[in-house]
Every structure is written in C-alpha cells, then in structure tokens.
Amino acid sequence: MLAHAAVTLLIIVLGTWVFGLVFHEAAERRAVLLSAAVAFVIQLLTFVLARRTVGENIFVGWGVGVLLRFVVLGIYAFLVVEPLALPAEPALLSLVAFFFVSTLVEPLLLTL
C-alpha cells in the first residue's frame, strides 16, 4: 500500500507540474490542485478495493475501481466544477490524466 501511495503521489506531483506549465492563471492552478487531491484519494481507495480481491477475483476489484473512477469524474464534472467556479478544462483534463496514468501502474503494484 505504501509503495502504491508513493508512486501515485509521484505521478500526481509530476502531472501537476506539467499542467502548471500549460495553465498559468490562479483559478486554473487551483483546479489542477483540487483534481490532484481528488485523484490521490480515489486512487488509494480503488487500490485498496483491488488489493482485497487479489486472492479471489482481481478483475472484480479492479472493475469496481474503474467504475468508481468514472462515477467520481461525473460527480466532479457536474456537481463540483461549476459551484466552485473552477475552469472546466484544467479541472477535468487533469483529473482524467491523473486517473489514467496512475491506473496504468496499478497492475504492477498489485503484484508486489
């Protein structure tokens, strides 16, 4: 779990830096930072779900994690971005990117 948290945090920190090169305004940076925080928490939660099903059926846990990410993305897009006056492009692009890249390394970390 600690290895996954560290790798996920590294991915999100690097991604935040890259998005900072593209989005310069304060509101855009705030959107990227909030997306980073949401992604980190959800990635840890979905990893725990997948990890608990390693011995039984890993695909069920991993599938539930993927579904949870989509649900969170939808909630974030429709219920968080506008009320917090976040610019939609940096908020949603960064959340999707953080989810996607950190999900790619998840199978490697599940085998540790």
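Leaving aside neighbours within four places in sequence, which residues is phenylalanine 98 in contact with? They are Ile12, Gly15, Thr16, Phe19, Val32, Ser35, Ala36 and Ala39. Contact here means heavy atoms within 4.5 Å.

This is a predicted model, in which local features need pLDDT of at least 70 and side-chain atom pairs count only at pLDDT 80 or more, while totals for chains, interfaces and linings use all residues. Residues are numbered from 1 along each chain as its sequence is written, and side-chain values use heavy atoms, with hydrogens and water left out.

Start with the largest nonpolar core. A nonpolar core is a set of buried Ala, Val, Leu, Ile, Met, Phe, Trp, Tyr and Cys residues joined through side-chain atoms within 4.5 Å. Buried means under 20% relative accessible area (1.4 Å probe, protein chains only). This core has 16 residues. Ala39, Tyr76, Leu86, Ala91, Phe98 and Phe99 have the most contacts inside it. Helices H1 (2-22), H2 (26-52), H3 (58-80) and H4 (88-110) each supply at least two core residues. H2 gives the most, with five. Helices are DSSP runs (H or I, at least four residues), numbered from the N terminus.

Now the aromatic rings. Rings of Phe, Tyr and Trp (its six-membered ring) pair if their centres lie within 6.5 Å; planes under 30 degrees apart count as stacked, over 60 as edge-to-face. The count is two pairs. Phe19 and Phe23 are stacked, because their centres are 6.1 Å apart and their planes at 15°. Phe19 and Phe98 are edge-to-face, at 5.8 Å and 80°. That pair links H1 to H4, 79 residues apart. Phe98 is buried at 2% relative accessible area. Phe19, Phe23 and Phe98 form one aromatic cluster.

Key:
Buried < 20%, exposed > 50% of the residue type's maximum accessible area, 1.4 Å probe, protein only.
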